[in-house]
Structure formats: structure tokens, C-alpha cells
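Here are a few friendly notes to read alongside the model.

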Amino acid sequence: MSRETQAELRKRVESILALLASTYPEAHCELQFRNPLELLIATVLSAQCTDKQVNIVTADLFEKYKTPSDYAGADPDVLEQDLRRIGLFRNKARNIRAACQALLDHHAGEVPRTLAELVALDGVGRKTANVVLGNAFGIEEGVVVDTHVARLTSRLGISRETDPVKIESRWMTLVPRDRWSILSHWLIWHGRRRCGARAPDCAGCEIRHLCPSAKDASGVPAPGVKVSRSKTKPEPRGPGKPVRRRSAADPGPGI
Ligand code: SF4
């Protein structure tokens with residue numbers, strides 16, 4: 001099997017994105033929010049939790065807590081109770097209170113608009129920061145890599161890396177900056193609707209002819225694109241700020 005050249009890979013990626021764009025013209029962040037603070041809170045809550053569950057909890061939460069002061073000044077036990085239907089709610093409650101106190105202390109109560117300032121907040125890693133920048137402010141700072149993006153990246157033969165930061169860098173070298181935000185939405189929507197972790201619907205997949213992992217109904221690899229899984233030559237990082245490794249506070253899955 002011949003190894004896919006960078007030019008061939010770029011052409012395949014373009015074709016994949018064009019098809020995903022036409023398949024999901026309405027793709028968007030599925031967390032519900034009305035302002036940057038609500039998106040910040042929702043994204044912190046979404047780590048290792050489904051958007052659907054986060055939206056259920058935030059429907060009430062956002063009516064009760066409207067400003068950073070509301071969170072920072074909340075009784076810790078009360079806020080924990082308000083978040084109890086979210087996984088890791090104690091850690092998340094603590095991080096949200098601390099992050100909101102930092103917004104009051106250092107950002108005049110506003111959500112900052114830079115990656116460096118966002119990742120300095122408790123509970124906020126690069127993924128959360130990219131979600132907020134891209135969806136609340138329209139700032140293309142990076143590519144959100146959650147569990148769906150990581151899975152699609154591997155199945156599509158884009159990268160064998162498992163480190164979200166390396167996956168993000170790979171996409172940043174392949175896709176123009178003005179599409180970094182929508183790229184993650186397309187991949188997340190496809191991961192949720194077609195290319196699930198356990199049972200990908202390859203037979204109905206719109207990009208199966210471009211996917212080296214496509215299988216027929218009996219699980220046999222389908223004819224189509226063949227991509228060597230040899231490691232491709234690393235490319236220089238795309239533009240961006242210094243990265244912070246993921247931590248328990250921002251492990252990846254979610255949004
Ligand atoms: S062909 Fe199958 S593995 Fe490839 S993207 Fe589609 S659903 Fe996922």
C-alpha cells in the first residue's frame with residue numbers, strides 16, 4: 001500500500017470537509033448559552049458529560065446564577081447541589097467559583113478573549129478556551145478536540161496521535177484558520193450522528209469513499225480509499241499560543 005502524500009491528504013481533507021459542510025449546513029455548538037459567561041460555565045460542566053445533560057442542568061442554573069459574582073459568592077454546598085446531576089460536580093463547582101472570582105479580580109467581571117487568560121482560569125484548559133473563543137467571540141484560535149474529533153481523526157487516517165494537542169496541531173496545518181471552529185462542529189456532528197464510537201454507520205456514511213476505516217455491513221473493510229497508517233512527516237505547528245497540556249480539569253470529551 002503506498003503512503004498518502006501530503007498533497008493527496010490535503011485534497012482528501014478538502015473533499016471530506018466539503019461533504020461534511022453540505023451534510024451539516026446547520027452545524028453549531030450544541031451547548032445552550034446566551035452570553036460568554038454561560039458558555040464558559042457550560043463548557044466547564046461538559047467535561048466527561050453529554051451536552052444534553054449539561055443543557056438540562058444549565059436551563060435552571062442560568063436562571064439562578066447570572067453574573068460572576070453570583071457564582072463566586074455562592075454557598076459552596078448550594079452550588080454543589082445545583083450541579084449534582086453533572087459528573088465530577090464537586091470539582092466543577094469548586095473550579096467555577098474560583099474561575100468566577102478570578103474574573104472579578106482580574107478581568108472586571110468579563111470573560112477574557114485570549115487563550116492565555118482563559119487557560120489561567122481554574123477548570124479551563126485549551127479545549128474549553130477554544131470553545132469559548134470560537135463560539136462566544138468568533139475568534140479562531142485553535143481546533144476543539146473532544147472525543148468525537150479524536151475518533152474521527154484516527155478513523156479518517158488524518159493522524160495516529162492520541163494527544164489532543166497534537167491532533168489539534170495536525171488539523172491546524174491542514175485546514176485554513178477561518179474554518180477551525182466550524183471544522184470541529186462538522187466532525188462532532190458526524191461523530192454523534194454517523195460515526196459513533198461503538199457502531200459507526202459506514203453503510204450510510206456520506207464520506208465513506210474518503211475513509212480508510214469504512215466497513216461494509218458484515219464488518220469487512222469496504223473498497224475505497226486506502227491510507228497507509230505509517231506516521232506522516234511532522235509539519236510545523238500552526239499559529240497559536242503556547243499550549244497547556246490537558247489536565248483532570250479539562251480532559252477532553254464533552255461539548
Ligand atoms: S466510513 Fe465509517 S468509520 Fe469512516 S467516517 Fe464514515 S462512519 Fe466513520
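1. A definition to begin with: Ala, Val, Leu, Ile, Met, Phe, Trp, Tyr, Cys and Pro count as nonpolar, Asp, Glu, Lys and Arg as charged, and the others, Gly among them, as polar. Please also keep in mind that this is a predicted model.

2. With those classes, the shell around the ligand comes to seven nonpolar, four charged and one polar residue. The residues around the ligand include the cysteines Cys195, Cys202, Cys205 and Cys211. Also among them are Arg155, Arg194 and Arg208, together with Asp201 and Ser213. Pro200, Ile207 and Ala214 complete the list.

3. Of its 255 residues, 40% are buried. Among contacts with a separation of 6 or more, 64% join residues 24 or more positions apart.

4. The largest nonpolar core has 58 residues, and Val132 and Val149 touch the most other members. Helix 2 (residues 36-46) gives the most to this core, namely seven residues. The core lies between domain 1 (6-26 + 144-210) and domain 2 (36-136), because both give residues to it.

5. Which residues is Val149 in contact with, leaving aside its neighbours within four places in sequence? They are Val144, Ile167, Ser184, Leu187 and Ile188. As general background, nonpolar side chains in soluble globular proteins tend to be buried together.

Conventions: Residues numbered from 1 in each chain as written. Predicted model: local features only at pLDDT ≥ 70, side-chain atom pairs only at ≥ 80, totals over all residues. Near = placed C-beta within 6 Å. Core = buried A, V, L, I, M, F, W, Y, C linked by C-beta atoms within 7 Å. Buried ≥ 20, exposed ≤ 12 C-beta atoms within 10 Å, placed from the backbone. Helix = DSSP H or I, 4+ residues; strand = E, 2+ residues; numbered from the N terminus. Domains from an automatic or database assignment. Contact = placed C-beta atoms within 7 Å.
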